[in-house]
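Okay, thanks for having me, everyone. Let me put the structure up and then walk you through it.

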Amino acid sequence: NKQVILKDYVSGNPKESDMYVTTSSIKLKVPQGSKALLLKNLYLSCDPYLRIRMDRIQGSNVFTSFTPGSPLSGFGVAKVLDSGHPEFKEEPEQFFKIHHTDVPLSYYTGLLGMPGMTAFAGFHEVCSPKKGDRVFISAAAGAVGQLVGQFAKLMGCYVVGSVGSKEKVDLLKNKLGFDEAFNYKEEKDLDAALKRHFPEGIDIYFENVGGKMLDAVLLNMRPHGQISVCGLISHYNLNQPQGFSNLMSLIYNRIRMEGFAVFDYFHLYPNFLDMVLPYIREGKIVYLEDITQGLESAPAALVGLFSGRNVGKQVVLVSHE
Ligand code: NDP
C-alpha cells in the first residue's frame, strides 16, 4: 500500500527529490454496496505528461495539476482483488477490463495502452500517410515513437528516426526496422542531418520533442507536408517559452501542422486492437520496454524520461501477478 507523493510544484528539470515514496494507512476494503474496486497494481506507466501535471497548470482543458502532498496518479495495469461490481462486469469510468491476456500484461501500459493509441491516432488519424511517404519521427525509440515508425514501415513508407544515443540508433535500425536513424546529440547542424537523410524533403513529421528539432524540420518539409504535433518534451521543463525562426515555411510550403490529444480518440480503441493484435501475434510489430523494479524506482524512472535514460517504454513493475 505504497504511494509516490509529490512534494511541491516543480520548476525546471524534475528531480527524484521532488517526490518521495511512503506507505499509506488507507483501509483496504470495499464497503458493502459501493461500486469501488480494490486493486493490486502490477505495472505502472511513466509518461512525460506527468511532468506537465507537476506544474501549476493554467489554461489547459487537457490536464489538471497534481496536488502537492498528494500521490501521483497515472495509467497502469492492476488485478481486481475485490469489487462492488460482481465479476467486474460493469466497467467503472477510468477502468477497462483486459480481454486479451496472451500478450504481456505490461503492454497495456504501452503498445496496447495510451501510448499505442497515441501512435495510432497521431499517425493514421491526424496524418493521411501513403505508401512511399518520407516520414521523420523524433524521440523515435520511446513508447510512442517506436510504434509510429513501425506503423509507417507497414504502410511502405521511408522512415527515419532521431534519438539521443548510439544504442538507440542501433535499435531503430536493427530491431525496429527503421530505414535510417541518427543521434541528434552528436549532430552540430540538425538541418544538415535532415538534408542528409531526406534529400527530397519530409512528407510527414511526427513531432515528439519541439525546440531546435522542429525549427530544423520546418526547413526540410516538402510542399503540402504534414506535421502531427504529439508532444514537445524539450519544452516541458522550460521556464521561458521557446521561440522559432522558421515558421514562415508553414506558409511557403503549405504545411498542415496539427496538434492532437489522444483522449479524443479513445473511442477508436477497438479498431486499434483489431489492427495491432494480429501484428503482435505474427511478430510484425515488436515493442521495446524498459522495466524497473518496485515502486521505489518510480521517481528515478519518471525523471529519466527527460534525460533519455529509458530505452523503450518506461514501465515500473510493482508486483508480479
Ligand atoms: P518516450 O518514451 O519517448 O520518452 C521520452 C523521450 O524523449 C526520452 O527517452 C528522450 O529520448 C526524449 N527526450 C527527452 N528530453 C528531450 C529533449 N529535451 N529533447 C529531445 N528529446 C528529448 O515518451 P513517450 O513516447 O511516452 O512520449 C513521447 C511524446 O509524446 C512526449 O512529448 C509526450 O508528451 C507525447 N505524448 C502526447 C500525447 C498526446 O495525446 N498528444 C499522448 C502521449 C504522449 P532520447 O534519448 O531520444 O533523447
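So, which residues come nearest to the ligand? Keep in mind that this is a predicted model. There are 31 residues around the ligand, and the nearest are Gly 142, Gly 164, Gly 231, Ser 234 and Gly 308. If you go by elements, α2 (114-125) and β12 (313-317) are the ones that give two or more residues to that shell. By class, the shell splits into 17 nonpolar, 11 polar and 3 charged residues.

Now, the domains. The assignment for the protein chain gives us domain 1, which is 2-110 + 288-317, and domain 2, which is 115-263. Both of them take part around the ligand: the shell draws at least three residues from each. Taken over C-alpha atoms, the centres of the two domains are 28 Å apart. Where they touch, 14 residues of domain 1 are in contact with 17 residues of domain 2. On the domain 1 side of that contact, you have 6 nonpolar, 6 polar and 2 charged residues.

How do α2 and helix α8 cross? Helix α8 covers residues 269-281, and its axis comes within 11 Å of the α2 axis, with a crossing angle of roughly 90°. So α2 is roughly perpendicular to α8. As for who meets whom, α2 brings Gly 116, Met 117 and Phe 120, and α8 brings Tyr 269, Phe 272 and Val 276. That contact has 5 nonpolar residues, 1 polar and no charged ones.

That's my tour, happy to go back to any part of it.

Note on methods:
Residues numbered from 1 in each chain as written. Predicted model: local features only at pLDDT ≥ 70, side-chain atom pairs only at ≥ 80, totals over all residues. Domains from an automatic or database assignment. Contact = placed C-beta atoms within 7 Å. Nonpolar A, V, L, I, M, F, W, Y, C, P; charged D, E, K, R; others polar. Near = placed C-beta within 6 Å. Helix = DSSP H or I, 4+ residues; strand = E, 2+ residues; numbered from the N terminus. Axes fitted to C-alpha atoms, helices over the stretch in contact; angles between N-to-C directions. Parallel < 35°, antiparallel > 145°, perpendicular 65-115°, else oblique.
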